[in-house]
Amino acid sequence: QGKNVADVLVFTGESSPNTAFLKPEIKQMGFDYDLIAANKLKDLTVKDGIIYSSVGNAYKILVLPNSDFIKPETLHKVKELVDGGAKVIGQKPSQSPSLTNFPNADEVVKKYVAELWTSGLVKEIPIETVLNQQIPDFKIENSDKTDLSFIHRKTEDADIYFIANARKEAREIPISFRVSGKQPELWNAEKGTIKDLVVFQENED
């Protein structure tokens, strides 16, 4: 139930199928991401610097693919988003993958590159650099960060985190969630029980 919470939206590029866009580095930093294909990019909107999908999911960052190829119409949409205040990062492209309007399309791509990348509206920096400036959605507060994964979904009145421990033994690990002003509950999927957590702390960040 609810909508998936992800800070990052990853554009998979102009080609299809798109199956090689796993971003474990994002999850390891305590954030999540969604993928968006070229045919859905046109439906994105931006308000107050937040990017919204057609179904209302919200994102802080759009990541373009590591590719030299991008269509002029895609760059037109990217310009529309950054003009509205969206944060977009990614590799600087150099040409269009389509033969439509060749070679003029390549000149249009170069024009957009000068307008977006050269001016700094789109930055060619790693996603880790951007996320290091953000508060993680899910943070393990000790040195043993392996074999734990999370999914965060949000309803109108609740934040739901599913935490999975891939090890066979039980573990006690302090974890921070990017939520405040709410009473945390522990839902046990195996026993079907719900109980309030008595020991928790709200931090300033």
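**Note on strand pairing in the predicted model**

1. In this predicted model, strand E14 (residues 185-188) and strand E15 (residues 193-196) run antiparallel and are joined by 4 bridges. Within this pair, Leu186 lies opposite Lys195 of E15. The hairpin formed by E14 and E15 has 4 residues between the strands, and Gly192 adopts a positive phi near 70° there.

2. An open sheet of 5 strands is also present, with parallel pairing and the order E3-E2-E7-E8-E9. Its edges are held by strand E3 (33-36) and strand E9 (122-123); each has a single partner strand, so one side of each is left without a neighbour in the sheet.

3. At one end of that order, strand E2 (residues 8-11) runs parallel to E3, and 4 bridges join the two. A reader inspecting this pairing may locate Val8, which stands opposite Tyr33 in E3.

4. A further open sheet comprises 3 strands in the order E1-E11-E12, and its pairing is antiparallel. Strand E1 (3-4) and strand E12 (159-165) are the edge strands, each pairing on one side only.

5. Which residue of E11 is the bridge partner of Lys3? The partner is Lys154. This contact belongs to the pairing of E1 with strand E11 (residues 148-154), which is antiparallel and extends over 2 bridges.

Key
Residues numbered from 1 in each chain as written. Predicted model: local features only at pLDDT ≥ 70, side-chain atom pairs only at ≥ 80, totals over all residues. Heavy atoms only, no water. Pairing = 2+ DSSP bridges.
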